[in-house]
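Try each task on your own before you read the solution.

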Amino acid sequence: MARSSSGFVAGLTAAALAAVAFLAYQASATVPADLSAGSPAPVASPSAPAPGGGAKQPADPALALPKQSGSGVRVVYSLSAKRVWLVGEKDAVARTFAVMPSTVDPAPGTYAVTSRSGSVPGSDGVRIEHVVRFATVGGVTIGFSAAVDGTMPTPDPARRTGGIRMKRADGNAMWTFATVNSKVVVVP
């Protein structure tokens, strides 16, 4: 009897190892492209002061989270800097990146994500993904997105568009971070 129970335990162990290997494969197959490609680490942001010191500042002051950009978990979009910050708890910047603004800008203020789409044609005819919408200005819907072809061209000034374009890796990060009702703060 001891011999058959050890065979049973060995079979269970083999089945468990196979299940773990399968789950590990599934997890690695669903890693966003920006994580699996070895992209650079997110830029550091001001954080809680160290004992006896002030808040840590990023190496490039232009990358610092804008003052008067609200509080709490939020997306911060600076119109003048053409930059976005994904801000977590305690004003910790998870990621910051440059964007290409659309021809129609939202007014500075606080908004909430109203809807999202995985992949749609953009108002300029370009196929886009990870669309995160948060405002409407004069009938034009404003939102963040990434072109599937990876481009960030300057928009045609003759067309009223609301797509704030970013690189695909940044679009993946935005998609994960900004769910419906997430706070979006637009600063001048």
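The accessible surface of the chain comes to about 10600 Å², and 62% of that area belongs to carbon and sulfur atoms; areas come from the Shrake-Rupley method with a 1.4 Å probe, and for residues only the protein chains shown count as cover. The model is predicted: local features need pLDDT of at least 70, side-chain atom pairs count only at pLDDT 80 or more, and totals for chains, interfaces and linings use all residues. Residues are numbered from 1 along each chain as its sequence is written, and side-chain values use heavy atoms, with hydrogens and water left out.

**Exercise 1. Find the stretch where the pLDDT is below 50.**

Solution. Start with the whole chain: its mean pLDDT (the predictor's confidence in each residue, from 0 to 100) is 78, and 69% of the residues reach 70 or more. Next, look at residues 12-56, where the pLDDT is below 50. Beyond near neighbours in sequence, this stretch has 27 contacts in the model, a contact being heavy atoms within 4.5 Å. Finally, a word of care: where pLDDT is low, the predicted coordinates should not be read in detail.

**Exercise 2. List the secondary structure of the chain and say how many residues count as buried, as a percentage.**

Solution. First count the elements: there are three helices and nine strands. These are DSSP runs, with helices (H or I) of at least four residues and strands (E) of at least two, numbered from the N terminus. Then read along the sequence to get the pattern α-α-β-β-β-β-β-β-β-β-α-β. For burial, 34% of the 188 residues count as buried; buried means under 20% relative accessible area, exposed over 50%, and partly exposed in between (1.4 Å probe, protein chains only).

**Exercise 3. Work out the strand order of the five-stranded sheet, and say which strands stand at its edges.**

Solution. The sheet is open, its order is β3-β2-β1-β9-β4, and the pairing is mixed. Two strands pair if DSSP finds at least two bridges between them. β3 (93-98) and β4 (109-112) stand at the edges with a single partner strand each, so one side of each has no neighbour in the sheet. From one strand to the next, the twist averages 20°.

Now step through the pairs:

- β1 and β2 run antiparallel and are joined by five bridges. S78 stands opposite R83, and V76 is opposite W85.
- These two strands form a hairpin with four residues between them, and K82 in the turn has a positive phi of about 55°.
- β2 also pairs with β3 in the antiparallel sense, over five bridges, with L86 opposite R95.
- The hairpin of β2 and β3 has five residues between the strands, and K90 in its turn has a positive phi of about 55°.

**Exercise 4. Which residues have the most contacts inside the largest nonpolar core?**

Solution. The core has 23 residues, and V75, Y77, V84, F134, F144 and M174 have the most contacts inside it. A nonpolar core is a set of buried Ala, Val, Leu, Ile, Met, Phe, Trp, Tyr and Cys residues joined through side-chain atoms within 4.5 Å. β7 gives the most to this core, with four residues. Leaving aside neighbours within four places in sequence, F144 is in contact with residues including V75, V84, I164 and M174.

Key: Axes fitted to C-alpha atoms, helices over the stretch in contact; angles between N-to-C directions.
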